[in-house]
Amino acid sequence: MKRVLSFDHKTPRLLNNRKKGIALSNETLDTYTGNYSGQHVKANIRRKESSLLMSSGDMQLIILPESENVFFATKAPLTFEFISVNEVITKMIVRENGKIVDEVKKVE
């Protein structure tokens with residue numbers, strides 16, 4: 001995720017700081033927690049109050065639910081879509097300004 005957050009090395013023009021997250025149950029939030037790994041990225045996601053905290057290296061980012069399986073960052077133009085197969089989360093698709101920039105598998 002580090003690479004994604006500094007993708008163009010410029011201040012993002014459009015941030016999601018005006019969006020408001022929706023309420024999800026702790027049980028639902030907990031289904032997204034765990035470790036995710038991609039070719040160049042390793043991230044850990046854990047629940048923090050009514051949101052998720054994503055950690056990757058030194059970077060930490062709070063992500064808020066926009067829908068049941070899509071979350072957004074208020075400090076970057078990023079969204080995170082969690083994909084499930086047979087009701088088990090298998091991967092996360094990362095989008096920057098609406099374009100897919102990474103896809104990471106849930107490993108734990």
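Modeller: Accessible areas here come from the Shrake-Rupley method with a 1.4 Å probe. In this predicted model, the protein chain exposes about 6,900 Å² on that basis, and carbon and sulfur atoms supply 47% of it.

Colleague: What is the secondary structure of the protein chain?

Modeller: The protein chain has two helices and eight strands, in the order α-α-β-β-β-β-β-β-β-β along the sequence.

Colleague: What makes aspartate 30 and arginine 47 a salt bridge?

Modeller: A salt bridge requires a side-chain nitrogen of Lys or Arg within 4 Å of a carboxyl oxygen of Asp or Glu. The closest N and O atoms of aspartate 30 and arginine 47 are 2.7 Å apart, so the pair meets the definition. Aspartate 30 lies in helix α2 and arginine 47 in strand β2, so the pair ties together parts that are 17 residues apart in sequence.

Colleague: Why is aspartate 30 called partly exposed?

Modeller: Partly exposed lies between buried, under 20% relative accessible area, and exposed, over 50%. Aspartate 30 has 34% relative accessibility, and therefore counts as partly exposed. Arginine 47, at 35%, is also partly exposed.

Colleague: How do you know that glutamate 103 and lysine 91 meet in a salt bridge?

Modeller: Their N to O distance is 2.9 Å, which is within 4 Å, so the term applies. Glutamate 103 belongs to strand β8 and lysine 91 to strand β7, 12 residues apart.

Conventions. Residues numbered from 1 in each chain as written. Predicted model: local features only at pLDDT ≥ 70, side-chain atom pairs only at ≥ 80, totals over all residues. Heavy atoms only, no water. Helix = DSSP H or I, 4+ residues; strand = E, 2+ residues; numbered from the N terminus. Buried < 20%, exposed > 50% of the residue type's maximum accessible area, 1.4 Å probe, protein only.
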